[in-house]
Amino acid sequence: MRIAENVKKFRLKQGLSQKQLAQSVGINQSMIAHIESGLKIPSLAIGLELAHVLNTTLDRLCGN
């Protein structure tokens with residue numbers, strides 16, 4: 001799933017750990033791990049917040 005790969009790619013590009021990203025978004029680290037592994041798909045609200053924190057757009061997070 002592209003969003004899983006893209007969240008990890010943008011997180012690493014920003015130099016953030018899963019824990020740091022989770023704290024910035026307001027969720028727990030295990031949710032980030034689940035998103036990045038493809039086990040969970042973030043809600044629209046979380047997706048938008050992830051995009052904001054990762055300095056990208058929701059379209060780029062979900063796209064190729």
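**How the helices of this model meet**

Helices α1 and α3 lie oblique to each other, a class for angles that are neither under 35 degrees (roughly parallel), nor over 145 (roughly antiparallel), nor 65 to 115 (roughly perpendicular). The two pack at an angle of about 120 degrees, with their axes 6 Å apart; axes are lines fitted to C-alpha atoms, for helices over the stretch in contact, and angles run from 0 to 180 degrees between N-to-C directions. Helices here are DSSP runs of H or I with at least four residues, numbered from the N terminus.

This is a predicted model, in which local features need pLDDT of at least 70 and side-chain atom pairs count only at pLDDT 80 or more, while totals for chains, interfaces and linings use all residues. Residues are numbered from 1 along each chain as its sequence is written, and side-chain values use heavy atoms, with hydrogens and water left out.

Where α1 and α3 come together, Ala4, Val7, Lys8 and Arg11 of α1 meet Ile35, Glu36 and Ser37 of α3, contact being heavy atoms within 4.5 Å. Two of these residues, Arg11 and Glu36, join their side chains in a salt bridge of 2.6 Å, N to O, a term for a side-chain nitrogen of Lys or Arg within 4 Å of a carboxyl oxygen of Asp or Glu. Because Arg11 lies in α1 and Glu36 in α3, the pair ties together parts that are 25 residues apart in sequence. Arg11 is buried, with a relative accessible area of 7%, and Glu36 counts as buried at 12%; buried means under 20%, exposed over 50% and partly exposed in between, with a 1.4 Å probe and protein chains only.

The structure holds 2 salt bridges, and Arg2 and Glu5 form one of them, at 2.8 Å, N to O. Both residues lie in α1, 3 residues apart, about one turn of the helix. Arg2 counts as partly exposed at 34% relative accessibility, as does Glu5 at 44%.

The largest nonpolar core has 16 residues, of which Val7, Leu21, Val25, Ile27, Ile32, Leu50 and Leu61 touch the most other members; such a core is a set of buried Ala, Val, Leu, Ile, Met, Phe, Trp, Tyr and Cys residues joined through side-chain atoms within 4.5 Å. Helix α4 gives the most to this core, with 4 residues. Leaving aside residues up to four places away in sequence, Val25 touches Ile46, Glu49, Leu50 and Val53.

His52 also lies in α4 (residues 44–53), yet His52 is exposed, with a relative accessible area of 57%.
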